[in-house]
Amino acid sequence: MPELPEVEITARRLDAAVRGATVESALAPGMNVMKTFEPPLEELAGREITAVRRVGKMPVVELGDLALLIHLMSAGRLRVFEKRASPKDRASRVLLRLEDGRELRLREFGTKQRAWAKLLPIGAVDEDEAVATLGPEAWPPPPLEAFAAAIDQPRHLHPLLRHQRDIAGIGRSWVDEILWEARLSPFKQGAELDGEEVERLHSALHVLGDAIEHYERTIGPALPDKPPMPLRIHKREGEPCPRCGTTIEAVYFAEHQTSYCPREQTGGRVLKDRRLSRLLK
Ligand SMILES: [Zn+2]
C-alpha cells in the first residue's frame, strides 16, 4: 500500500509531468469509484491541471477551482501514460485524457474495487470527511507537543501510528521502520511512553523524509507502479538487524504482520502471535 513517502514522490513526479496540461475529457470506467456526483466529472474537460499534491496518503489533483481527491486504498496507483488506456484495461478507474495525447490514470490492481475519488470545489477539500478527520501529518513532523498529544492514547503503537485520524501518512511498512528507529516495541501503548520515548519516536519520523529523499534520488520522471521501498526491518524477519545483528523477528497482530528487533525493541523477548484467529488466514 502506498504510504506517505510513496504518495509524496507520486505527487511530486506527477506535478512536474502534468501541471499546465489541459484535460480533454474525463471519465470513470470504475464502477462506484466516484464518491461525488456534483460537479460531474465532465466539468473537467477544458480545464488545466494546476497542481498535484498530497494530503496524508491521498493524492490531490487540482484543476483551477476544482480538485480531485483520490484514495488509493491498498492497490490503487496514479500514473501518467503516454498513450490512452485500452477500453479493455479492467484496472482503469478514473481517466483524465489530456489534450497532448497523454492520460492521467487511476488504476487498481486485483479484483477488488476499493480505490475512490471525489471531485470537489477546491475550497471543500480540507472540509471533506476524509481530510478533516486526519491527524497531524507525520512528515514534515508535527511539533513535538502536537505529536505527543496525538499518540497519548491507551493503544498499541503499531495500530495507533497507522490510524490516520491520530497521525496521517503511516501504514504497515513504515510503522515497522519508525518503531525500529525509535527502538520501541510495537505493543507498547502510546499513553505508556515517557517523555524521552516520545521524543525518540518523534525524531524517528525522519525515516519518512529519508525515504522521500531516497525516491528523489532513485526514481526518474516515469513512476513505476511499485518502486522498490528502502525498508530495513519490515518483512525482513530472519535477517540480521542492520544495527545490532540480532535476528529480526515477526509477529502477527490482528491481521497485520510486524517485524522488529527483539534485542533493541522488546527487551530481548520474542513476542507471541496475537492473531485473533490463525485459522482465518
Ligand atoms: Zn537490533
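## Salt-bridge exercises

E8, R12, R13, R54, E137 and E216 are joined in a network of salt bridges, where a salt bridge is a side-chain nitrogen of Lys or Arg within 4 Å of a carboxyl oxygen of Asp or Glu. This is a predicted model, where local features need pLDDT of at least 70 and side-chain atom pairs count only at pLDDT 80 or more, while totals for chains, interfaces and linings use all residues. Residues are numbered from 1 along each chain as its sequence is written, and side-chain values use heavy atoms, with hydrogens and water left out.

**Exercise 1.** Find how many salt bridges the whole structure has.

*Solution.* Searching the whole structure turns up 24 salt bridges.

**Exercise 2.** Work out which parts of the chain R79 and D225 link.

*Solution.* Start with the contact: the closest N and O atoms of R79 and D225 are 3.1 Å apart, a salt bridge. Helices (H or I, at least four residues) and strands (E, at least two) are DSSP runs, numbered from the N terminus.

**Exercise 3.** Decide whether E197 and K188 are buried or partly exposed.

*Solution.* First, the pair: E197 and K188 form a salt bridge at 3.0 Å, N to O. Then the cut-offs: buried means under 20% relative accessible area, exposed over 50%, partly exposed in between (1.4 Å probe, protein chains only). E197 has 11% relative accessibility, so E197 is buried. K188 has 25%, so K188 is partly exposed.
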